[in-house]
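Please keep the sequence and the structure in view while reading.

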Amino acid sequence: MKLFKRILAAATIAAALSAPALADTLVDVTSSGKLRVGVLLDAAPWGYKDGQGKDTGLDVELARMMAKDLNAELEIVPLTGASRIPSLLADKVDVLIAAAGATPERAQQVMFSQPYAAVSLGVFGGKGEKIDSVAGLAGKQIAVAKGSTLDTWLTDNAPEAKLIRFEDTASAISAFLAGQADYFAENSAIAVKVADDNPGKNVSIAYRIRLSPAHIGVKQGEQNFLNWINTFLFFHNMNGDLAKLQMTFFKEAQTLPHM
């Protein structure tokens with residue numbers, strides 16, 4: 001019996017030594033005291049630079065709130081829509097707070113938190129035109145950020161639309177404002193900011209695609225971190241902090257003409 005116990009103990013130790021260490025970003029962050037958050041800084045009001053050149057926006061301030069609760073130094077890592085998931089998977093960031101919508105395809109690589117904001121996806125223009133069906137998008141010139149949810153949806157569902165793809169959200173909106181495209185595809189929070197900043201363009205929604213809640217994302221397998229993030233969101237939702245952030249940066253982002 002003693003020999004059997006020794007053999008069993010040795011086998012257990014050998015298995016433990018040979019097994020790969022499980023990733024635990026929550027432990028890493030609390031141990032190192034540093035939190036790397038991937039955000040979009042070209043997508044106001046989610047993330048942008050204010051008049052003094054300071055990073056701000058709903059996602060940026062939420063990242064600051066998270067770092068404070070973790071007692072960690074915050075490193076903001078600017079990303080584009082297309083680089084969000086690759087950067088997370090390549091360990092360039094610990095977490096994504098980047099206006100990310102959850103899809104079954106993305107969920108194969110990323111674990112998503114409960115929603116922290118809800119907006120609508122749509123195609124927006126300045127002519128006051130109302131497009132009643134997806135078929136009505138055929139032939140329309142639509143500026144869109146490459147690799148974004150909108151790019152994927154329009155490619156799959158409106159193949160006859162004339163998509164003009166840009167590297168980031170800011171470039172797509174600039175193209176619309178410059179008259180290089182008649183429409184742009186984005187979420188309603190961004191569209192309202194465009195409308196507020198450019199009242200002469202009479203920006204309104206032409207075609208509403210669907211609701212698109214925003215989620216925080218971590219790598220697959222980071223269940224401990226995801227559990228903490230959901231608790232973090234629940235706590236700040238219950239005490240009103242999330243509502244204050246949304247009121248500060250979204251204002252009336254859910255209401256555009258014809259929404």
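How many aromatic pairs does a search of the whole structure find? The search finds six aromatic pairs. Two rings of Phe, Tyr or Trp (its six-membered ring) pair if their centres lie within 6.5 Å; planes under 30 degrees apart count as stacked, over 60 as edge-to-face and the rest as tilted.

## Basis of the model

The model is predicted: local features need pLDDT of at least 70, side-chain atom pairs count only at pLDDT 80 or more, and totals for chains, interfaces and linings use all residues. Residues are numbered from 1 along each chain as its sequence is written, and side-chain values use heavy atoms, with hydrogens and water left out.

## Aromatic rings

A pair of aromatic rings is described by the distance of the centres and the angle of the planes. For tryptophan 153 and tyrosine 207 the centres are 6.5 Å apart and the planes stand at 35°, so this pair is tilted. Tryptophan 153 belongs to helix H5 and tyrosine 207 to strand E10, so the pair ties together parts that are 54 residues apart in sequence. Helices (H or I, at least four residues) and strands (E, at least two) are DSSP runs, numbered from the N terminus. Tyrosine 207 has a relative accessible area of 13% and is buried; buried means under 20% relative accessible area, exposed over 50% and partly exposed in between (1.4 Å probe, protein chains only).

Tryptophan 228 and phenylalanine 232 form a stacked pair, 5.3 Å centre to centre with 15° between the planes. They are four residues apart in helix H8 (residues 223-238), which means that about one helical turn separates them. Tryptophan 228 is partly exposed at 22% relative accessibility, whereas phenylalanine 232 is buried at 3%. Elsewhere, Trp46, Tyr116 and Phe250 form one aromatic cluster.

Lysine 193 lies over the face of tyrosine 48, 5.5 Å from the ring centre. A charge sits over a ring if NZ of Lys or CZ of Arg is within 6 Å of the ring centre and within 35 degrees of the ring normal.

## Strand E6

Why is E6 described as largely enclosed by the rest of the structure? Of its 16 residues, 13 are buried, so the rest of the structure largely encloses E6.

E6 runs antiparallel to E10, and 13 bridges join them; two strands pair if DSSP finds at least two bridges between them. Phenylalanine 124 stands opposite isoleucine 205 in E10. E6 also pairs with E9 in the antiparallel sense, over five bridges. There, valine 123 has alanine 185 of E9 as its bridge partner.

## Cavities

The whole structure holds two cavities of 30 Å³ or more. On a 1 Å grid over the protein atoms alone, a cavity is a set of points where a 1.4 Å probe fits but cannot get out, and lining residues have an atom within 4 Å of a point. Points are joined across faces, edges and corners, and a volume is the space filled by probe spheres set on the points.

The largest cavity has about 230 Å³ of space. It is lined by 22 residues, and those closest to its centre are Arg84, Ala99, Thr149, Glu186 and Asn187. Elements giving two or more residues to this lining include strand E6 (110-125) and strand E10 (204-219). The lining has 13 nonpolar, seven polar and two charged residues. Ala, Val, Leu, Ile, Met, Phe, Trp, Tyr, Cys and Pro count as nonpolar, Asp, Glu, Lys and Arg as charged, and the others, Gly among them, as polar.

The second largest cavity has about 40 Å³ of space. Its lining consists of Arg84, Ile85, Leu96, Ala100, Arg106, Val110 and Phe112.

Terms used:
On a 1 Å grid over the protein atoms alone, a cavity is a set of points where a 1.4 Å probe fits but cannot get out, and a pocket is an open set with protein on both sides within 12 Å along at least five of seven lines; lining residues have an atom within 4 Å of a point.
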